[in-house]
Amino acid sequence: MTELTLEEAEAHVFGVCFRAGPPERIGVETEWLVQDRHNPLLPILAGRLNAALAPIEVAGALTGGSRLTREPGGQLELSSPPALSLGAGVEMMAADLAVLRTAVGQAGLALVGRGLDPYREPPRVLDHPRYRAMESFFDREGPWGRDMMRRTASVQINLDSGEESRGLGGYRSRWELAHRIGPVLVAAFANSPVQDGWPTGWLSGRQHVWSRMDAGRTRPPRYHPDPRVAWTRYALDAQVMCIPGDLDGDWSAPSGLTFRAWLRGVPELRPPTPADLDYHLSTLFPPVRPRGWLELRMTDAQNGDDWVVPTVLAATLLNDRVAADAAYAATEPLCPDPRRPVPSHDVWLRAARTGLDNQDLAKTARACFAAADSALAVPGTPAALRHVLADFAGRYTERGRSPAHDHLDALRRT
């Protein structure tokens, strides 16, 4: 195996995490809780889920080309291939999601779009050494890691990093704007206010769970004008969660070991390789993760087909130059420190706890929706995309609400 030096590691992260190019492609990943259609409290055994998915886990079953994977608590994830237009990306995911819904429905199951399971604490159903090591790592700080692994679900939007230029299409500006609209996405689409049958006090309980975990791998990197520098420092200073080995072995890493320290040498531990660094990068979970593209990870899973709305909103705000400029201006109240033009951790927490009850977030969200709506009004854009955005805004954003309020209202009635 090829040993890795610090300089080689820095160059590797620089090169693979921000691939420069015109911002054109879009992908979306939808995660779903799986419940019994008649009894949401019922545990879903792995054998039942396996039987339900068997007919579509064959080549060609998902005609849109999405990849179906399972999360540690039995959640399901569909990951679309990259598309060259917003309409095509939504269409591919919708087609494959229809196939998945039919398959689970025939087994008496349902896909549930909520950020946090409101009733159950599912067991870990994946026994891969990665997940054993991950669980052990997070257990050092409390129950939050287990909650994240087993009980949460999200909508993740994947967009190109951007060009080398310093304009709105450049990777620096797109990285910055993705972080500026991040709390808006948390607040507008908060959909996880209940845990164990009771209100948590957070409209996005999922984001609250993430906020309690290892800050060095779940919060945004410290601001730097060049995101490549910021991300490289963040990645190398993050603790090593697991060291891959034999599938029947223990992948746990020594407690407190950062990747930078591993590069410097650790007695009785083999030196890291480029493959180890790539694996380490896959265990970092900030709200915006660079993977050669930007993966926006902060949005709760949505009810029904409302996953389309954050996808349309985020893609339009980042990919349309006029909308991007409007969103940058609208998010100024969330970034009052000119030396740090991205929201502080407190803003992210405020978005998760109170959502659009906060007036700055409510005003910013309305402005972002309006900017996206205006951008979608151009000829050639599928009318359905503009319609779903406006419909969601009318139901929630313009009223200072998010889907979480529906669940809280229902809970009060019962």
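The legends below describe close-up views of a predicted model. Residues are numbered from 1 along each chain as its sequence is written, local features need pLDDT of at least 70, and side-chain atom pairs count only at pLDDT 80 or more, while totals for chains, interfaces and linings use all residues. Side-chain values use heavy atoms, with hydrogens and water left out.

**View 1. Packing of helix H1 against helix H11.** H1 (residues 6–17) and H11 (residues 274–281) pack at an angle of about 50°, and their axes lie 11 Å apart. Helices are DSSP runs of H or I with at least four residues, numbered from the N terminus; axes are lines fitted to C-alpha atoms over the stretch in contact, and angles run from 0 to 180 degrees between N-to-C directions. The two helices are therefore oblique to each other (under 35 degrees counts as roughly parallel, over 145 as roughly antiparallel, 65 to 115 as roughly perpendicular and the rest as oblique). H1 contributes Ala 9, His 12, Val 13, Val 16 and Cys 17 to the contact, and H11 contributes Leu 277, Asp 278 and Leu 281 (contact means heavy atoms within 4.5 Å). Of these residues, six are nonpolar, one is polar and one is charged (Ala, Val, Leu, Ile, Met, Phe, Trp, Tyr, Cys and Pro count as nonpolar, Asp, Glu, Lys and Arg as charged, and the others, Gly among them, as polar).

**View 2. Packing of helix H6 against helix H15.** The angle between H6 (residues 171–188) and H15 (residues 359–376) is about 100°, with the axes 10 Å apart. H6 is therefore roughly perpendicular to H15. Pro 183, Val 184, Ala 187 and Ala 188 of H6 meet Leu 361, Thr 364, Ala 365 and Phe 369 of H15. Seven residues of this contact are nonpolar, one is polar and none is charged.

**View 3. The largest cavity.** The whole structure holds three cavities of 30 Å³ or more (on a 1 Å grid over the protein atoms alone, a cavity is a set of points where a 1.4 Å probe fits but cannot get out; lining residues have an atom within 4 Å of a point). About 90 Å³ of space lies in the largest cavity, volume being the space filled by probe spheres set on the points, which are joined across faces, edges and corners. Its lining includes Gln 207, Trp 210, Arg 219, His 345 and Trp 348. Helices H7 (205–211) and H14 (345–354) each give two or more residues to this lining. The lining comprises five nonpolar, four polar and one charged residue.

Notes:
On a 1 Å grid over the protein atoms alone, a cavity is a set of points where a 1.4 Å probe fits but cannot get out, and a pocket is an open set with protein on both sides within 12 Å along at least five of seven lines; lining residues have an atom within 4 Å of a point.
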